[in-house]
Amino acid sequence: METTNAERFDRMLKLTTSLLFEKERSFFRCDETSRKPKRLVEIGSGNGYYLSQLVKDRPNATATGLEMSEALYPYTLPYVHDRLQFIQTTYESYQPEAPFDTVLCRLVIDHLASRSHLYQWIRRHTTPQASLWIIDIEDIACHAFDALPAYSALFVRERRRIRPGGLFSLKQRLRAELMEVGFVEEEQMSYDLTHHHPDQKQQLYTYLRLSAQLMHDNQAQLDKIEQELQEWLTDVHSTLSIPMFAMQWRRRN
Ligand SMILES: C[S@@+](CC[C@H](N)C(=O)[O-])C[C@H]1O[C@@H](n2cnc3c(N)ncnc32)[C@H](O)[C@@H]1O
């Protein structure tokens with residue numbers, strides 16, 4: 001049976017969650033200062049798997065995932081329970097009935113039409129001391145695939161399309177913008193999407209292969225990339241490290 005792009009994307013999001021969740025979870029644990037119930041929202045929650053893991057750690061929290069893709073929405077259904085819901089909508093057109101105290105933006109910032117709109121939306125729909133968590137790939141990740149030249153050409157092109165280069169990195173731009181709109185940076189963490197065990201290397205390989213299947217232009221290019229990835233997987237000395245960052249911000253008022 002044909003694999004659909006939604007199936008590929010679902011698998012990719014499960015893989016990034018299983019490769020990164022433990023690191024990111026320890027970072028966000030330091031935000032759990034209060035035992036009072038929390039209202040958490042994720043902007044661009046994809047298949048909902050990441051949010052479902054996060055909510056497990058927070059027995060007092062209720063969470064809402066906002067995901068605009070109609071094709072991905074059915075993948076969220078297995079994760080729904082009394083404290084976790086998913087709504088198929090753009091965040092821009094969603095009007096919550098009560099303010100949130102935590103907003104998560106994971107791997108979504110580059111996809112949004114306007115960051116200033118996002119900041120206004122957050123100010124309008126959060127409590128005065130609300131937390132904002134941002135997780136994304138570092139700009140330098142464009143150079144992370146030297147061992148995979150064919151894959152790298154495709155990856156760099158796609159990254160540049162959604163994140164045009166400039167004098168300042170995304171992280172620097174986010175810092176300047178968030179300070180301007182009244183947020184204070186509380187924590188930040190730099191880490192890598194990488195592999196420490198053969199099963200993680202296999203997961204990373206599968207992730208790269210699926211992403212190439214989504215991005216490629218023609219079959220000859222895809223065949224070349226798949227061969228390159230296969231050689232990378234079987235070479236015991238080959239490695240890969242994609243630098244990531246996580247930031248925690250708090251609304252000042
Ligand atoms: C790379 S995925 C990340 C999914 C999830 N945050 C995770 O980390 O597993 C980004 C998702 O954001 C969604 N998205 C992009 N812009 C959006 C918007 N304006 N409102 C809601 N969802 C959006 C996309 O459809 C996509 O599923």
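Begin by selecting residues 126-137 and 241-251, which are strands S5 and S7 of this predicted model. S5 and S7 are paired in the antiparallel sense, and seven bridges join them.

Residues 5-29 make up helix H1, which lies across S5, S6 and S7 and runs at about 155° to S6. Residues 115-125 make up helix H4, which also packs on the sheet. There, H4 touches S5 and strand S4 (100-106), and its direction makes about 145° with that of S5.

Now show the whole sheet. It is open and has seven strands, with the order S3-S2-S1-S4-S5-S7-S6 and mixed pairing. Select 84-88 and 183-194 to find its edges: strands S3 and S6 each have a single partner strand, so one side of each is left without a neighbour in the sheet. Viewed along the sheet, neighbouring strands are turned by 15° against each other on average, direction ignored.

Finally, turn to a pair of helices by selecting residues 149-162 (H5) and 198-215 (H7). Their axes are 11 Å apart, and the helices pack at an angle of about 65°. The crossing of H5 and H7 is left-handed. To inspect the contact, display Tyr151, Leu154 and Glu158 in H5, which meet Leu208, Ala212 and Met215 in H7. Of the residues in this contact, five are nonpolar, one is charged and none is polar.

Methods
Residues numbered from 1 in each chain as written. Predicted model: local features only at pLDDT ≥ 70, side-chain atom pairs only at ≥ 80, totals over all residues. Axes fitted to C-alpha atoms, helices over the stretch in contact; angles between N-to-C directions. Helix = DSSP H or I, 4+ residues; strand = E, 2+ residues; numbered from the N terminus. Left-handed = near helix turned anticlockwise from the far one by under 90°. Contact = placed C-beta atoms within 7 Å. Nonpolar A, V, L, I, M, F, W, Y, C, P; charged D, E, K, R; others polar. Pairing = 2+ DSSP bridges.
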